[in-house]
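Visitor: Could you walk me through this one, and tell me how the words you use are defined?

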Amino acid sequence: MSVTTSRSILSEGNAAALAALRTALGGDSSVSTRELDRMALAVDASHYLHTPDAVMRAKSPTDVGVAMRVAAEMGWPLTFRGGGTSLSGQALSEGLTVDVRRHFRGMEILDGGLRVRVQPGLTIAQVNGALARHGRKLGPDPASSIACTIGGMIANNSSGMTCGTTANAYRTIDSMTIALPSGTVVDTASPQADDILRTHEPALVEVLERLRDTLRGDKYRADIERRYAIKNTMGYGINSFLDFDTPAKILEHLMIGSEGTLGFVAEAVFNTVPVPKRTATGLLMFDSLDAATEALPKLVYSGADVVELIDAASIRAMGPDASSVLPKGFNVDQHASLLVEYQAMDDE
C-alpha cells in the first residue's frame, strides 16, 4: 500500500532563510520541517488552516531573538504560538511558527503571593493553581484560562469579565523580559533597561519618545484618556504614552495587546489580586432587550463584578441546558437576561 503525503515546498528565499536560521543557531535541532510537526501547528481554535514552512521550539529568549533577527533580515514571516486558543487565527503562520510553550514554563511565587514571575508557556489556570494557596490570583480571567497561555494573554490583552480596567494585564504588570526583532533582550525591571535600549535600539527609543511627546499634547490627550477610561483591549495600548515616561516602561505596556508584532515576552512579573471568598450569582430575566440594557447602569454602579447580557437568540441556543436556570414551562420570546455576580471577602 502506498501513502501519499504533502511535502513542504519552500520558495528559494524561504529555504535560504531556513538555512540562515539553522546556521545562526549553530545547527540547533529545535527547528523542524517534518510534516507531522508542521501539521500539528497548522490549526488553532479558529476555523483557519495555515501550514508553516517550519516549526521552531525555542528554548531561550536568545533563541527567539536570533529567529526574529533572521526572519526580519530575510523577509520570512514569523508567528509565536502558545496555547492555540485563538478564535481568529493569530497563532497560525505560513512562514516560521515559533512554539514558545514547551520550554518556557518557569514560575516563581514572590512576596508571599503578592507577585508572581511567570514564563509565557504556562496556562493561566496553572499559575492561579499555584497562587491559590496564598489566596491570590492573576487579574485577567479570560474564558479560556484553562488552556490559554500567559504569552497569549499578554499578546492579545485577554481580560475576561471581572478584571475591568483595574485588574487587567496592563494595570497589573510589574515588569517583563522582552526579546526584540533585532535580537536585543531587555529586562524592564533592570535599572539599566533604558540605557540598554538607548545603546542597542536608538531608533526605537527615538520613536517612543517622539510619540510620547506628541500624544501628550492638547490635540490628542483628551481623546486617548476618553478611549481608555472604559474597557479597551483592541490593539496597542496607546495610553502607555500618557501613563509612563521612560522608553522601557512605555515599551513594556505597548507589548500588551501587540499580538507579537513588537517582540517576544520571555518572562513577566505580575502583581496579583485577592481571590474573593464569597460570590453570589443570579440570572435576571427581562421582557425585552431594551429593558435589560436600561437596567445595566444601576447594576454596574451597585458594585456588581460581572454583568453579562444574554439576548433571546442566545437563550434559545442553550437548548435543553436553559431549563436548569429558567422557570418550568417558560417560553422565550423577545426576552433578554443579565447574568449578574457579586464578589466579596466576607458574607456581609
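Guide: Gladly! H5 gives six residues, the largest share of the lining of the largest pocket. This is a predicted model, where local features need pLDDT of at least 70, side-chain atom pairs count only at pLDDT 80 or more, and totals for chains, interfaces and linings use all residues. Residues are numbered from 1 along each chain as its sequence is written, and side-chain values use heavy atoms, leaving out hydrogens and water.

Visitor: How is the lining of the largest pocket divided by class?

Guide: The lining has 16 nonpolar, 24 polar and two charged residues. Ala, Val, Leu, Ile, Met, Phe, Trp, Tyr, Cys and Pro count as nonpolar, Asp, Glu, Lys and Arg as charged, and the others, Gly among them, as polar.

Visitor: Why are Ala193, Asp194 and Leu197 of helix H7 called buried?

Guide: Buried means under 20% relative accessible area and exposed over 50%, with partly exposed in between (1.4 Å probe, protein chains only). Those three residues of H7 (193–200) are buried. Seen down the axis of H7, the buried residues fall within an arc of 100° (taken from the directions from the helix axis to the C-beta atoms), so they line one face of the helix. Thr199 and His200, on the face turned away, are exposed.

Key
Helices (H or I, at least four residues) and strands (E, at least two) are DSSP runs, numbered from the N terminus.
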